[in-house]
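Reader: I'm new to this. Could you walk me through reading a structure, one feature at a time?
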Amino acid sequence: MDSVFASIVQAPEDPILGVTVAYNKDPSPNKLNLGVGAYRTEEGKPLVLNVVRKAEQLLVNDQSRVKEYLPILGLAEFNKLSAKLILGNDSPAIQENRVATAQCLSGTGSLRVGAEFLAKHYHQRTIYIPQPSWGNHVKVFTMAGLSVKNYRYYDPTTRGLNFQGLLEDLGAAPAGAIVLLHACAHNPTGVDPTVEEWEQIRQSMRSKGLLPFFDSAYQGFASGSLDADAQPVRMFVADGGECFIAQSYAKNMGLYGERVGALSIVCKAADVASRVESQLKLVIRPMYSNPPIHGASIAMTILKNSDMYNEWKIELKAMADRIISMRKQLFDALSAKGTPGDWSHIIKQIGMFTFTGLNSDQVAFMTKEYHIYMTSDGRISMAGLSSKTVPHLADAIHAAVTRGC
Amino acid sequence: MAIRRAMSGRIMDRTAVVGAQYMSSWWRSVQPAPKDPILGVTEAFLADQSPDKVNVGVGAYRDDNGKPVVLECVREAERRIAGNLNMEYLPMGGSVKMVEETLKLAYGENSELIKEKRIAAVQALSGTGACRLFADFQKRFCPDSQIYIPVPTWANHHNIWRDAQVPQKTYHYYHPESKGLDFAAMIDDIKVISLFSPQNAPNGSFFLLHACAHNPTGVDPSEEQWRKISHHIKAKGHFAFFDMAYQGFASGDPEKDAKAIRIFLEDGHHIGIAQSYAKNMGLYGQRVGCLSVLCEDEKQAVAVKSQLQQLARPMYSNPPVHGALIVSTILSDPDLKKQWLKEVKVMADRIIGMRTALRGNLEKLGSPLSWQHITNQIGMFCYSGLTPEQVDRLTNEFHIYMTRNGRISMAGVTTGNVEYLANAIHEVTK
């Protein structure tokens, strides 16, 4: 029999995950993976937080634990604690039962469930995302049935925020349009608005009735402080308005492959939140029925135990600090080499990624000649750097920038 | 640099609440959703205070004390895993090792098809996730096709293909009078639905088949019947998609339970399969499963797999690692695998024992009705034939919880409650 799928062509490699595929194939001993945003230690090894190992042991040793289906919305306590983590322990929205939360599969899953809900229940089908944004955002929203537009965000000339462009584009959006906001540590640029700029964004959006959809994948990872990194989200919630929040524990708890995340929908009233919650179940059930138990159990164990929570904060700050130190070292190395150009954005940008400003030719050159792997938009994951490898990267950047000028 | 991140309480105090407080909720018109017919049963059961309450609703295995079971082989696998490995992202297609072992279960330990690399396969979020991925894949690459779903089927099948926006139709399956298979009508439906009929798009139709232990009826075709079904589906050029959620759980022997699939493979169909470890490994909440699509050759399998990954990426990026690790640890260790097979047989045998006991009790009570179907049917569920009204009476008067279609999860029946259950059923049906 002929296959009904005979005419299917092979899909291109995912631009982000495909980098690691290529890196793995490279036999060079000097190769460096600055592609996917997964934290690495100074020794270049993946890291499982001590507090996560502790939580895992507690779970394994607890013979009373079973592996039954979770409810469709996941672990209730995990959901409550996740909402508190992003909104603050004393958030009125939580106290007033105005927040509907669903445990989802990390940031991706939270975004997708939220987007499908919007496509089903919201009157506006367009979402505005910053230019540029995480490569998977467009696919997530499109598959959910939303159409995607861009708002200006990154300014290549300053390697900073194009604030005027942002305000203009959001100001021109139709009333009620959905707007994706990176809560902190913008991916891929590392460029975040200042607190003052966030306030202006908030005012502008609220006056136009635009619906904020926060992607919070790096809380605690950006500045090292969970509360500081949550500020933009809390500012929006403090004004009493509604918003969507997708949270991920992939990076800040190092739970990557366990797929731990949460979608919170902050509503105006408790009865609305309750109805919204019931409708979220109808989105989730035909997708995967209920979320995976293991990772969320680990996260919940940590969040609800104050000693473990404090341990977590310390380990999280250490990761953030190491990244900040890598930024400084790279900047210093390029300055010392006298590499042409202004490289201060390396220390101005924040979070796991640096948008180097290198073009795709330069990136290809660095991959071919120096075995350095990054996405073709010039984004490097600072987490993949160590004191030992910074010089190699600085050499490569220098060569790429000065060749054939 | 980092200074701008400093908390600025001043700004929030000063801020006028612009616009937000004068607008009403965007979600005013969102209606409360109806409770999920299956999962809602357990919620109601948990809320019931009666000491006599019995949950024969959701299909999760219970031991003879009515307790959930974590298999010994699973506990051992977890002990080995804990603390040893990192939690890095799996590839989009999931754990390669887990998928390899899983294909062997479905296609055969020494399957030529596996050796020839003709199977495109990815780790999926249990059975639901595998079906949804396939439905999305079907929509994307055979956009004019429809899915034919048996009547009745697991309620969520309808939701899955609906949300994937694949039009659905039904085919005859359950025969209420005999409480068995409506074989003749099923074959008629397959024959009438023609690949080239004017109503159908040239891409043909897709048939959803339960590989074994049909949910909710427990009614499976015989081997002879499967051969005829395969023949007619092939004659009409349809695509056969198997949902196999109970391999090992039906007869106690995974090889036997894969018979229908093997027949279709022998006949040369290019099938798709959704596999789940929720029940047969007791990994319910871990969400471990696999979607596979048999292709013409290795090149096509590579292409199809890449496209399946493209569908997984915007849904959850990559699947959860823990459950997959448990599966691959067990299946790649001959001793653990042997232990697993033993434990699966114990579960299946207990259920078969409960079927015998329930039927025996009803007959002993002198019920005027025939309860043969309880032991004819197979797997976790028994389609009792009870009406929704009778089910409501069971719940309201006897605190017995099941779905309103009369589906009894035999896994919830124990030596401790089988008499009580039989009495109650007799009361509402005599």
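Reader: What percentage of the residues of chain A count as buried?

Author: Buried means under 20% relative accessible area, with exposed over 50% and partly exposed in between (1.4 Å probe, protein chains only). In this predicted model, 65% of the 405 residues of chain A count as buried.

Reader: How many helices and strands does chain A have?

Author: Those are DSSP runs, numbered from the N terminus: helices are H or I, at least four residues, and strands are E, at least two. Chain A has 16 helices and 13 strands.

Reader: Let's zoom in. Which residues of H2(A) are buried?

Author: An α-helix has 3.6 residues a turn, so residues three or four places apart point the same way. Here, H2(A) buries Val51(A), Val52(A), Ala55(A), Glu56(A), Leu59(A) and Val60(A). The helix covers residues 50–61 and reaches 17 Å from first C-alpha to last. That's close to the 16 Å expected at 1.5 Å a residue, taking 1.5 Å times one less than the number of residues.

Reader: And what covers those buried residues?

Author: Contact means heavy atoms within 4.5 Å. The cover includes H12 (293–304) and H13 (306–337) of chain A, together with H3 (72–81) of chain B.

Reader: What about contacts across chain A?

Author: Among those between residues at least 6 apart in sequence, 76% join residues at least 24 apart.

Conventions:
Residues numbered from 1 in each chain as written. Chains lettered and ligands numbered in written order. Predicted model: local features only at pLDDT ≥ 70, side-chain atom pairs only at ≥ 80, totals over all residues. Heavy atoms only, no water.
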